[in-house]
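Work through the exercises below with the coordinates open. Each task is followed by its solution.

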Amino acid sequence: MSGRFRVAMDIGGTFTDVVTYDQQDGVFAASKASTTPGNLSEGVLVGLDAVVERPADIDFLVHGTTQGLNAFLERRGVPVLLLGTAGVEDSYHIARGPRTRLYDLHYRKPVPLVPRRDIVGIGGRIAADGSELTPLDEEAVRKAAREAAGNGYGAIAVAFLFSYKNPAHELRTREILVEELGSEITVSLSHEAAKEWREYERTSSAVVDAYTGPIVRRYLVDLEQRLSERGLAVPLHVMQSSGGILTAESARRRPLQTLLSGPVGGAIACAELSARTGRPNLIGIDMGGTSFDVSLIVDGEPDVSAEAQLEGLPMLMSVVNIHTVGAGGGSVAWVEAGGLRVGPRSAGARPGPACYGRGGAEPTVTDANLVLGRIDPEGFAGGQLTLDTSLAADAVGGLAEQFGLGTTAMAEGICDIANAKMAQAIRTITVARGIEPRDSALVAFGGAGPMHAAFLARELGIAETVVPRFPGAFSAWGMLQTQIRQDYSEPYFFLDEDLDGADMAATLARMEKAGVDALSSEGVAEDRRTANHSVDVRYEAQEYTLTVPLTDAEEPSRPGFLTTLAERFAALHEARYGHANLGAPIELVTLRTAAIGQVARPAPQPWPAATSTEFAHQLRTVVFDGEPHESIVVRRDDLYAGHTFDGPAIVVEDTATTVVPPDHTVGVDDIGSLLIRRKDTK
């Protein structure tokens, strides 16, 4: 063993969470550091210093970055020049009609990342079968390169028709651009960003890759250099949107894959919790300082999609489905048209909520919880911040005056509005897709998630809420539970009756070999490399597909494959849409291979059993439903497996605060999770 510690870091909008696993003692530890928006590396290094004295003692290091996502959301990516096929270069702006919102009078078309003036049509045409119809106009490419040099573009995206079938024109275009502009220029090719059909979505993927790529690369290079200077001797790994990880070196080549890496760690942690506790269906809620993220575990597996959308702009990539709304501890409460609103604007890390004492004056959800007595002002964020209750009361009271309410009533109103917004986000990812929330347990994490979870569960009819250990750093813990992953896709259009199973098996075998071989560059030993396969299927002439898993690369060559495939597809279609048409012709569209590199995963510590029903605690007045209640206040470290008690209660720990309303009970399981149930449920 070259080092003692395995370390994961999750950079949030307000705090950077760090989890370490001591391989010598078998002990986990967690800490927080304030995120430094101007230079995220600073917050990472401060958080790392808090838990590991010498980076040379680190055996494995992974982190989730919001650098690309923040650049996208805040529209501060680099200026991009888009090169498209002449005659159809406007497809990026034409986009795709909102088929699910045909009658929405308030629909607004997403604003593209590249304005029309920054799109250049390039002569040359590849046919749908991959043959060349017209040679590439190389002089037009050189002219575009001179335009890029003269107008300060930070990256170039190239998206030609049918390049997923034959990338020759895109590859030659990159060669010319490098000849003209040098190797430092960022060039994103659509067939590399997303080797799939649908021109608009593939173009959009390349544009997002170009828009955020230089920022992600600069950040990773800076962080790697600073870690190396401090003595880190192992590669830095980065969480991917798919739930796997890559070395930072690979992530620099594929920045699009890291776009949603921050929120995904929580979903992977929920999947691990599902396996270890025997709860197959979970709803994960991650409430931090800026956002509220919802993910699903269905039958023990994360809900994964082959496509994602951010602000209406599509990206073709393997991604764990995360639904995000602007509701966090730092979400600002404000007045609009005489009504109370909470978020999406956040006070962030600086100045932060009013109670931080950093100059913030607007009331936030954190201020409201502090006024209600639900937060320990002395022990917030592991004691790194001492909150000022009087500043919180002044901020909330100022808003209360506008509504003619008392400060306490206003604070509860702020929490109620935030809870309603978060409950609707959960309904969006569950009820809207035919999933009944009451059939799942709620897993609450993030610094503020356990504070609101019991209220959300009550509103949604969910019987049980699970608060894992280190809830404020649970996403970082999940990053220690994942595997190295490389995703590959191959367009494969066939009607079922025309399918050559042997050819499909051979194609999957080639994809598997490419993926498994690529894992060697990630430092994965040969005996720890595997591959999973799937195929996108649709009914004949449908537009969209469902991804159907395969048992192995050889399955298509075996007798009865099409019958089995049709049955699996029908079952998925029934579960997703409520109906299926087994026996109708189906089409295969895209083959997918995920190459997996197994890495060591630390197991949760067994939690010590209670030797008595008693535990150390204090009493404090906390407001629930407008009334003050004498409530138990207990340090989580003083609770052991088997302990049970009734609410109202506040459970305090370094990374989060758990709020238990009066009509609930709490128990502790054998891995230290808090199990919160309503008294009126079995």
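**Exercise 1.** Leaving aside neighbours within four places in sequence, which residues is Thr134 in contact with (heavy atoms within 4.5 Å)?

Solution. The model is predicted: local features need pLDDT of at least 70, side-chain atom pairs count only at pLDDT 80 or more, and totals for chains, interfaces and linings use all residues. Residues are numbered from 1 along each chain as its sequence is written, and side-chain values use heavy atoms, leaving out hydrogens and water. With those neighbours set aside, Thr134 touches Gly124, Arg125 and His169. Thr134 belongs to strand S8 (residues 132-134); strands are DSSP runs of E, at least two residues, and helices runs of H or I, at least four, numbered from the N terminus. Thr134 counts as partly exposed because its relative accessibility is 38%, between the limits for buried (under 20%) and exposed (over 50%), with a 1.4 Å probe and protein chains only.

**Exercise 2.** Determine which residues of helix H4 are buried and what they pack against.

Solution. Next, Ala140, Val141, Arg142, Ala144, Ala145 and Ala148 are buried. These pack against strands S5 (80-85), S6 (119-122) and S9 (155-159) and helix H5 (168-181).

Methods. Contact means heavy atoms within 4.5 Å.
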